[in-house]
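Colleague: I would like to learn how to read a model like this one. Please take me through it.

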Amino acid sequence: MRRLFLFLLLCHVSSAVKHSLKYFYTVSSGLPNFPEFVGVGFVDDVVVDSCDSDKTTPEAKQDWVEKLFQNNPQQFEVYNRMCSITYPNFFKATIHTLTQRFNQSGGVHVLQLTTGCEWDDETGEINGFNQYGYDGEDFMSFDLKSLTWDALKPQAVSIKLNWDADKARIKYIEIRLTQIYPQWLKTFLAYGNSSLLRTDLPSVSFLQKTPSSPVSCHATGFYPERAALSWRKDEEELHEDVELGEILPNHDGTFQMSAELKLSSVTPEDWSRYTCVFQLSGVKEGIVTKLDKADIRTNWVPPSEFPTGAVVGVVVGLLLLTLCICGLLMWRRNRTGFRPAETPDDDSEASENLNPRPD
């Protein structure tokens, strides 16, 4: 049964891979020494381009994006117009309106837009999104099904009515979310497939601070970040006594994650029944690592293994140093010799020395 489970796991076809194109636009007021407008584009959470009010020309953040801009001047021109004219002007007018709606005067205020799409490369399903935030809180979102705006704050209701009435803008947003963005995403993936579509499997190891601490299954060096890590006992996935960590980036562009398992109530004989399973999205085979106490890495040193030899060596060294110093003092003393006290020639001289005469 155990072999059957492992066979099914390794032959399991993971769920379809979803790719994403996201743009983050920010307009601020009252922030000195900071661009009023900033825009950043991401493909599968990898930065691909950026622009701001100081550098209105879009800047490619990857070599393959530079090549894409060169081969697709029309797309680059759309980016350039969005960064230099369309979004900066629209955002400035909107943030001015919002400060009036909120009865605000002066201070620092931030308006943000998150827009883009997700594409399932297996089913072809596309989900577009267009969401606004103001001063760190959700403000307005676009409902692609009803083609209307949802007001997320009371102050947004009047703006929602105005935006709902602008049918030409709503139609453009629909086309952008369902056609333009998906096409851009596919173009990005075609140019950056060597890096965006690669799969790097991780190295998996077990870590433990002390014998009573939880055992951590640590996977590092994998790409993309769409991955899952779990603990299993026999054939059953565990949820209790398991703490999953976040997926964190490595300095080389790969990712790492860990999952801790509490074994305080488990006898050593049952440890072999536990396995750590890593599954990378888009990869058929998972990595199954059996828990073995001999494979656990730790920095913990038992008290019985305290380096007494080194302490004894230090003590012996200090004793030898003390003996050397004492020997040196005795040698110097013997070399100089003792000077006996001078004795007088007769008793009268001694008496005179003991009883000196007054002047």
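Colleague: Are Y223 and F255 buried or exposed?

Modeller: Buried means under 20% relative accessible area, exposed over 50%, and partly exposed in between, with a 1.4 Å probe and protein chains only. Y223 is buried, and F255 is too. Before going on: this is a predicted model, so local features need pLDDT of at least 70 and side-chain atom pairs pLDDT 80 or more, while totals for chains, interfaces and linings use all residues. Residues are numbered from 1 along each chain as its sequence is written, and side-chain values use heavy atoms, without hydrogens and water.

Colleague: How many helices and strands are there in the chain?

Modeller: Helices (H or I, at least four residues) and strands (E, at least two) are DSSP runs, numbered from the N terminus. Here the chain has 8 helices and 18 strands. Of its 359 residues, 33% count as buried.

Colleague: What order do the strands of the open sheet have?

Modeller: Two strands pair if DSSP finds at least two bridges between them. The open sheet of 8 strands runs β4-β3-β2-β1-β5-β6-β7-β8, with antiparallel pairing. Strands β4 (59–60) and β8 (148–151) are the edges, each pairing on one side only. Inside the sheet, β6 (residues 126–134) and β7 (residues 137–143) pair over 4 bridges. Y132 stands opposite M140 in β7.

Colleague: Which strands does helix α4 lie across?

Modeller: Contact means heavy atoms within 4.5 Å. Axes are lines fitted to C-alpha atoms, for helices over the stretch in contact, and angles run from 0 to 180 degrees between N-to-C directions. Helix α4 (residues 157–165) lies across β6, β7 and β8, at about 175° to β8. Helix α5 (residues 167–191) runs at about 60° to β5.

Colleague: How many aromatic pairs does the structure hold?

Modeller: A pair of aromatic rings is described by the distance of the centres and the angle of the planes. Rings of Phe, Tyr and Trp (its six-membered ring) pair if their centres lie within 6.5 Å; planes under 30 degrees apart count as stacked, over 60 as edge-to-face and the rest as tilted. The structure holds 29 such pairs. F222 and F278 have ring centres 5.0 Å apart and planes at 50°, so that pair is tilted. F222 is in strand β10 and F278 in strand β16, 56 residues apart. Y223 and F255 are stacked, 6.1 Å centre to centre with 20° between the planes.

Colleague: Which residue lies over the face of Y223?

Modeller: A charge sits over a ring if NZ of Lys or CZ of Arg is within 6 Å of the ring centre and within 35 degrees of the ring normal. R198 lies over the face of Y223, 3.8 Å from the ring centre.
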